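I opened the notebook to log a few look-ups. Entries follow in the order I made them.

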Amino acid sequence: MNKEAAKTPSKKAINGAEALIKCLEGFGVEYIWGLSGGAAIPIFDALVGSKIKLILTRHEQGATHMADGYARVTGKPGVVLVTSGPGATNTVTGILTAMMDSVPMIVLTGQTITSMLGKDAFQEADISGITMPVVKHSYLVKNTNDIPRIVKEAWHICQTGRPGPVLIDLPKDITSAPFSGDSLDPEMDIPGYKKDTPSPHKADIVKMAKFFKGKKKPLLLVGHGAVLSNAGAAIKKLAEKLGAPVTNTLLGKGEFPETHPLSLGMLGMHGTAYANKALINCDLILSIGSRWDDRINGNNNEFCVNAKKLHIDVDFSEINKIVKPDAWVVGQAREVVEELVKLVDPLDTADWLKELEYYKKEFPLKYSKTNGLTAQQVIDTCYKVTQGRAIVSTDVGQHQMWAAQFYLSDKGNYWLSSGGAGTMGYGFPAAVGAQFAAPKDLVVAIVGDGGFQMTLYELSTVFIHKLPVKVLIIDNKYLGMVRQWQELFFDNRLSGVDLEGNPDFVKLAEAYGVKGFHMDKPENCESVMRDAMNYKGPCVIHAEVIKEDNVFPMIPAGKSAFHMIVEKPTTKMEKPSGST
Amino acid sequence: MDTLPLHTISVLVANKPGVLVRIALVFARRGYNINSLVVSPTINPKFSRMTITAKGDLETLEQIIKNVNKLIDVIHCEEHPANTVEKELALLKTKASPAVKAFVAKNARKFHVRIDDASEGCYIIEQTGTTLELDEFEALIKKYGVLEMIRTGKILITRGQEKT
């Protein structure tokens, strides 16, 4: 497309794909991550000469996680473009990841021509059908002139209310046909979408505020909803006014600074002992954008039994789903907390904070430096060397929990992790997306040897775009979290967890043109970490750690915080009743 | 399953392909079995009405209604327990016999039944009424031998000014 056409779209004929790209340009889309293929060629063609930068990934899953990482850091939707059939199905894991963690994303899929739909055409997959349970909304476009309206609706839907992924399936004949619509900025037609920005009811907030009166042991629980609505400053005001300690979920990490004296860090299955003690002993708990997920709730019958439970959520369907709250407000976390601060009075929490200080001293997070290099030491060193300023993206498993424990975060959108879906292979490509979003920031992907091997092919993307991402591989030659469960609950009968025969990760990095570092001793951990973090380009840090370490504290799945263990028990444990 | 209460849920939806699948998925994922489902036009061609009856516990029902309401193509979704007019239509095929004819005639007023068709030795009996009335009549006519039966599923509309 020449420059003239871009300026006066109405005078030159454009096709559906060009209309699509113009709409996305209009929204200020900077990047599209994707992988081409037959049915999507018209769309890739329309990107030639566009101001949107196309980032060619090596696999569609990588594209979705990059878009996800970009979205979590910027708050803007990440856009993915893939072809039909297997190209489309390869995005499903990334879509689920975004859906479970409420990440705004648009996935554009090429599709076979409309006359062949349902006839098993080459590379045909009913992707809108396949993804229906894991998208916020989806479209199968049947008319070229509908493209601008659909893209506008998708852009609006994916990032308002509770954000989530929206899929647009685009048959090749629809993107190839001339666009003859009146406008590239038409009216939306979504009368059912009235819940885009629910404004909180004042009366509900007033009712909620009354519960704080006279409470001695309040606890604030910060979830991802707080991050998504930038509620950090308001939560800080509330916590300091009340004198209330603050704990966070895995995804709520950083929105209230974990370095703040009132912070207890993460709670739940592998949360800090003091956060879980607070959970047991509090007389009031306020969830700010957390959905009382089973990783923190464990067993609903024993959950905060002596506490009044208050719930702020933008999504009405989260109210009453797991916990029956004594009061609730539907609305954006920031908006609600800002109002709530005005309505509460300071509480006398001196004894409560003293009690929690005792737990902090009694049950600190700790690790040994005398029996070989541990993952905890590596992550703690990374935290100290980077002075806690890096954007950290994790994969899923033991290293993820250790990263949550030892890499304290002071910014909600500087912590990226697949919480709901628990997607192995997420960490590295999400870090790549984050680096696109924040080119000047230090971005560290903390990954395990198992998860990294699921999406490591994106080292090509890092190399080609000269992205200085630091990939810290915590290599224990096991799928460590499952091994830990098998050790603790299944008589150490190891099954399907042994990763002996891993590649030489330094050589692997070098094969991709990426610098490799190696560490395997407590003594050289800091110097290698320093060299790696100061290295100007992309690098892989291979940290060979002791093989059979366990994450503690731990609450067995399906149990309440009462059953927390802080070290390996001497007696045999019963098999957990909860899911995974 | 049989001891669980039967709920009637009324859903106003955008008249678009795929809406039914989205709604059915919300029920299926939570193990709710749909007993009957009626999709019909409304006075506005942009929207359709679904009337669904399903069995299950109240807690799950609350989740289902909230999650159906979340769907972009759903205008609203509500349970309608009372203050509605409810109707359902049944067609029953029996062998043609004087006994059946007499039985239908005798119950014509009470059960709103009539013989719609008599051909090749069969009657087709039509009944309109509440779900309960249809159940009752079905139980009574069974002793004459029912060859086939089909029911439309329940539809309902709220009384007075309130919108369905």
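What does the accessible surface of chain B come to, and how much of it belongs to carbon and sulfur atoms? I noted about 9,100 Å², with a carbon and sulfur share of 57%. This is a predicted model, and I read every value with that in mind.

**Entry: chain B overall**

I looked up the secondary structure next. Chain B holds four helices and nine strands. Along the sequence I read the pattern β-α-β-β-α-β-β-α-β-β-α-β-β. The C-alpha atoms of chain B fill a box of roughly 55 × 35 × 30 Å along the principal axes. Of the 164 residues in chain B, 41% are buried.

I then checked the contacts in chain B between residues at least 6 apart in sequence, and 72% of these join residues at least 24 apart. For charge, I found 23 positive and 19 negative in chain B, with mean positions 2 Å apart.

**Entry: the interface of chain B and chain A**

The size of an interface is often given as the accessible area lost when the parts come together. Here I logged about 1,600 Å² buried between chain B and chain A, 54% of it on carbon and sulfur atoms. Arg22(B), Lys66(B) and Ile72(B) supply 40% of the area that chain B buries against chain A, more than any other three residues. The contact takes 21 residues from chain B and 21 residues from chain A.

I also looked for salt bridges across this interface, and the rule finds three. One of them links Glu59(B) to Lys324(A). Their closest N and O atoms are 3.9 Å apart, against a cut-off of 4 Å.

**Entry: helix H19 of chain A**

Is H19 of chain A enclosed or open? I counted ten of its eleven residues (427–437) as buried, so the helix is largely enclosed by the rest of the structure. Among the buried residues of H19(A) are Phe428(A), Pro429(A), Val432(A) and Phe436(A).

Most residues other than glycine have a negative phi, and most peptide bonds are trans. I searched for exceptions.

Ser102(A) is not a glycine, yet its phi is positive, about 55 degrees. I placed Ser102(A) in the loop between helix H6 (92–100) and strand S5 (105–111). Its relative accessibility is 6%, so it counts as buried.

Gln123(A) also has a positive phi of about 55 degrees without being a glycine. Gln123(A) sits in the loop between S5 and helix H7 (127–130). At 27% relative accessibility, Gln123(A) is partly exposed.

Last, I found a cis peptide bond from Phe552(A) to Pro553(A), with omega near 0 degrees. Pro553(A) lies in the segment after strand S20 (539–544) of chain A.

Technical notes. Residues numbered from 1 in each chain as written. Chains lettered and ligands numbered in written order. Predicted model: local features only at pLDDT ≥ 70, side-chain atom pairs only at ≥ 80, totals over all residues. Heavy atoms only, no water. Helix = DSSP H or I, 4+ residues; strand = E, 2+ residues; numbered from the N terminus. Buried < 20%, exposed > 50% of the residue type's maximum accessible area, 1.4 Å probe, protein only. Contact = heavy atoms within 4.5 Å. Areas by Shrake-Rupley, 256 points an atom, 1.4 Å probe, with all protein chains shown as cover. Lys, Arg positive; Asp, Glu negative; His and termini not counted. Charge placed at Lys NZ, Arg CZ, Asp CG, Glu CD. Buried area = accessible area lost by both parts, 1.4 Å probe. Salt bridge = Lys/Arg side-chain N within 4 Å of Asp/Glu carboxyl O.
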